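Reader: Please take me closely through one part of this structure, the strand pairing and the core that goes with it. Keep it brisk, and connect the pieces.

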Amino acid sequence: MTVTTSQVLHSQASSVPAGVAAPELCTIPQGAARSLHPRAPMQLRVVSGLAWVTLSDGPHGWREDSGDLMLHAGQSVCVASGQHAVVEPMGREPLQFQWRSAAAVRASSPQHAAPRGDVCRA
């Protein structure tokens with residue numbers, strides 16, 4: 001899939017208060033992409049569709065968690081502060097995802113019940 005610069009939407013992430021129960025649902029139509037630049041650690045959780053996520057090395061160079069990922073509905077990835085993520089839907093369906101602060105994720109997920117990697121570190 002080829003994505004032109006005009007198709008990439010730029011989004012500055014803001015922190016979601018820990019008391020917010022249902023984060024906003026974001027939708028990306030097939031053939032488009034979204035560029036995310038978090039100022040605080042964030043979690044991207046796929047609600048429906050299949051996501052192709054490319055994570056940059058971050059502001060301080062190489063990161064072990066950089067590169068390309070494919071995420072199915074229910075899967076999530078943590079994006080560090082200053083790291084760049086490009087998100088694209090794969091297949092014919094639009095992609096729906098939640099984008100929320102790591103603090104809100106930790107506050108709403110008991111540590112003992114969360115699968116490994118599902119809760120973002122600060």
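Author: Two strands count as paired when DSSP finds at least two bridges between them. Keep in mind that this is a predicted model.

Start with β4 and β9. Strand β4 covers residues 42-48, and strand β9 covers residues 95-101. The two run antiparallel and are joined by 6 bridges.

Now turn to β7. Strands β4 and β7 pair as well, again in the antiparallel sense, over 4 bridges. Here M42 comes back: it stands opposite V79 in β7.

Next comes the pairing around β8. Strand β8 takes in residues 85-90 and pairs with β3, residues 33-37. That pairing is antiparallel, over 3 bridges. L36 has A85 in β8 as its bridge partner. Strand β5 (residues 50-55) also runs antiparallel to β8, joined to it by 6 bridges. There, A51 has P89 in β8 as its bridge partner.

What does the core draw on? The largest nonpolar core has 18 residues. L44, V87 and F97 have the most contacts inside it. β2, β4, β5, β7, β8 and β9 each supply at least two of its residues. In soluble globular proteins, nonpolar side chains tend to be buried together.

Finish with F97. Leaving out residues up to four places away in sequence, F97 touches E24, L25, C26, I28, R34, L36, L44, R45, V46 and V47. Two names on that list have come up already. L44 is among the residues with the most contacts inside the core. L36 is the residue whose bridge partner in β8 is A85.

How values were computed: Residues are numbered from 1 along each chain as its sequence is written. This is a predicted model: local features need pLDDT of at least 70, side-chain atom pairs count only at pLDDT 80 or more; totals for chains, interfaces and linings use all residues. Side-chain values use heavy atoms; hydrogens and water are left out. A nonpolar core is a set of buried Ala, Val, Leu, Ile, Met, Phe, Trp, Tyr and Cys residues joined through side-chain atoms within 4.5 Å. Buried means under 20% relative accessible area, exposed over 50%, partly exposed in between (1.4 Å probe, protein chains only). Contact means heavy atoms within 4.5 Å.
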